[in-house]
Amino acid sequence: MMITLLLRSTSAGMARRGAGAAFMAPSGVIFPPLATTTTTSSRTPFSSPSAALPARRGGAAMWPFSSATRLFSTTNADTGISWRTQAPSVAKLESLAGMGDATFKVDLLVLPAFQPEEDGEDVQLAVDTQPILAAWDSALGGAIADLVQTKDFKGKAGSAARVRLGNNSAVKSLTLVGMGKKSQFKSARAMGPAAATDIKAEKPKTVAVVLPGGDCLGAVAEDMLSGLYLDNRFKTGEGVEKAAMVEKLSFYGVEAGKDAEGALKKAQAFSEGVRLTKDLVGAPANYVTPQALAETARSIAGEYEGWSVKVMGRKECADLNMGAYLAVAQGSMDPPEFIHLSYKPKGEAKKKLVLVGKGLTFDSGGYNLKAGAGSMIELMKFDMGGAGAVLGAAKILAGLAPEGVEVHVIVAACENMISAQAYRPGDILKASNGKTIEVLNTDAEGRLTLADALVYAEKLDPDAIVDAATLTGACIIALGGEYGGMWTGDDNLAAALEAAATTKGENFWRMPLAEEYKPNIKSEIADLKNVGGREGGSITAALFLQEFVTKKTPWAHLDIAGPVWNPKKGGATGFGARTLAQWVLSQASL
């Protein structure tokens, strides 16, 4: 058996190198081939390049060895399990200018509270109508004051205190959410996750949220709806958590009218986009394949006006000389899917923007295999977090249909696997801009796929390009799990992205594109090498990407490897989608 397997591998290796009528690896395009055969695609120009995927994923068709047995977990098509979660069930979403009165009935009441400015002072409810709230407290039998005292609630930002008052009370459950000190108050976003936690736990039919005033309706509603995310996709029986079914969710203390309606519509759109990102990033790699990413793009294009999609297979990408991307993809049974999703608004588009997302649906590390404690190989389903973010942003924008801006979303989707066809350390690749790359580490694959994606993106002649990627562990070491890294040489683009991130409660830290580190990515036998050493790894990765965008085009690179996944918060966080969508919306209004 060992000899037989060895012979098969050797034969496949010879075929890959051009012996006989065989497969020519895209990574060999810079050398004269030994045979005249070229890479071919089994699809028609208008069909999916992965139409035969179910058969390869454990079915009768075996690839690449016809006599081999493929041991592969089944896909969603085989199990009947959908990789999409159920949307939060909120039948009616409304905003009310008044504060209500002491006699209204609700299953869950959520109130904001300020932390005392000085020790010894009392916690104050964070609203302008203290007499009405005093009436509420009286009607509730002093429950608000008791909750502050018995729970030792100080009103610190993000803290919460909860009490259940019973079915005979006008309010069955009461939650206080700390806003911090009034003098330092910046955002009421903390109310959203706190209320969502109680909604999932208590399953109320009616919910009332009293806001602290100001322009916070959209932020609180968005975070509350996003916080209702519930992932039961891969659980059965008693493990399935029952979803809340909210009949009416009311926000008090804001001005009613078109502005409020617009804020709620925007909140719903953002929460849906974040849900899509979480679904994609949180699903295992045998469900979210390159084909699944392509189908996601197709579903957006098919559902919303103004959107269209083009998906290119191996042959089309080879015709565009995408040797870096195709080299990474060639080791997997799943064919690559190069996704180009685009939106054209009604009327004139004053800006053209491109979002590029890294789409490695699984990263084994290739021949530089991720192995040992801390390799995180079991979490490499989230290595398409950049693709999840840009597709989530597309979903948000599709729901809002912004005017005046044309948007393109690019994902070079594939897997990085080990096989007789896989690319190897020491290979030299040629990207679609003609630059050659020496592969020193096959686990630095994301930048190779992004290289060809960025070249493709710039050919669209955009006003700006932003890429998002779970690119380096070095960024996690540098910034931890709460911050994404930002690299750009354009101060205006940096300011716009930082403003968008701040608006949406996501954290980015601008990092240097240090020219003095560029020699670290120069190769002695090619133009570039795909790693620059251990020191400054996230910086040299960004410098590598910069080689595939010309100076004429404003470009930013977002490394979201840290915040895209948080096991303490349930895994996939949806990070990045909000910032990217908000940035596009901000440019649409310029």
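Strand E3 (residues 106-115) runs parallel to strand E6, and 8 bridges join the two. Two strands count as paired if DSSP finds at least two bridges between them. This is a predicted model, in which local features need pLDDT of at least 70 and side-chain atom pairs count only at pLDDT 80 or more, while totals for chains, interfaces and linings use all residues. Residues are numbered from 1 along each chain as its sequence is written, and side-chain values use heavy atoms, with hydrogens and water left out.

Strand E6 itself (residues 171-181) is mostly covered, with 9 of its 11 residues buried. Buried means under 20% relative accessible area, exposed means over 50%, and partly exposed lies in between (1.4 Å probe, protein chains only).

**Strand E16 and its partners**

Strand E16 (residues 464-469) is mostly covered too: 6 of its 6 residues are buried. Ala 464, Val 466 and Ala 468 point one way from the strand, while Ile 465, Asp 467 and Ala 469 point the other way. E16 runs parallel to strand E12, to which 5 bridges join it, and Val 466 of E16 stands opposite Leu 355. With strand E20 (residues 555-559), E16 makes another parallel pairing over 5 bridges, in which Ala 469 stands opposite Asp 559.

**A sheet of three strands**

E14, E15 and E19 form an open sheet in that order, with mixed pairing. Its edge strands, E14 (428-430) and E19 (528-529), each pair on one side only. Strand E15 (residues 436-438) pairs with E19 in the parallel sense, and Ile 437 has Leu 528 of E19 as its bridge partner.

| Strands | Sense | Bridges |
|---|---|---|
| E3 and E6 | parallel | 8 bridges |
| E12 and E16 | parallel | 5 bridges |
| E16 and E20 | parallel | 5 bridges |
| E15 and E19 | parallel | 2 bridges |

**Nonpolar cores**

A nonpolar core is a set of buried Ala, Val, Leu, Ile, Met, Phe, Trp, Tyr and Cys residues joined through side-chain atoms within 4.5 Å. The largest one has 66 residues, and those with the most contacts inside it include Leu 341, Leu 355 and Val 466. Helix H12 gives the most to this core, with 9 residues. A second, separate core of 50 residues includes Val 328, Val 356, Trp 487 and Trp 555. Contact means heavy atoms within 4.5 Å. Leaving aside its neighbours within four places in sequence, Leu 341 is in contact with residues including Ala 297, Trp 307, Leu 391 and Val 409.

**Loops and surface**

Asn 321 has a positive phi of about 60° although it is not a glycine. Its place is in the loop between helix H10 (314-319) and helix H11 (323-329), and Asn 321 is exposed, with a relative accessible area of 52%. Ala 401, also not a glycine, has a positive phi of about 50°. The loop that holds Ala 401 lies between H12 and strand E13 (405-416), and Ala 401 is partly exposed at 40% relative accessible area.

Tyr 367 sits in the loop between strand E12 (351-363) and helix H12 (385-400). With a relative accessible area of 41%, Tyr 367 is partly exposed. Together with Leu 369 and Ile 418, Tyr 367 makes a nonpolar surface patch of about 280 Å². Residues of a patch have over 30% relative accessible area and no salt bridge; like charges are joined within 9 Å, and nonpolar side chains (Val, Leu, Ile, Met, Phe, Trp, Tyr) within 5 Å. A salt bridge is a side-chain nitrogen of Lys or Arg within 4 Å of a carboxyl oxygen of Asp or Glu. Accessible areas come from the Shrake-Rupley method with a 1.4 Å probe, and for residues only the protein chains shown count as cover.

**The chain as a whole**

The protein chain has 17 helices and 22 strands. Of its 590 residues, 55% count as buried. The chain exposes about 25,400 Å², of which carbon and sulfur atoms supply 53%. Among contacts between residues at least 6 apart in sequence, 78% join residues at least 24 apart.

Terms used:
Helices (H or I, at least four residues) and strands (E, at least two) are DSSP runs, numbered from the N terminus.
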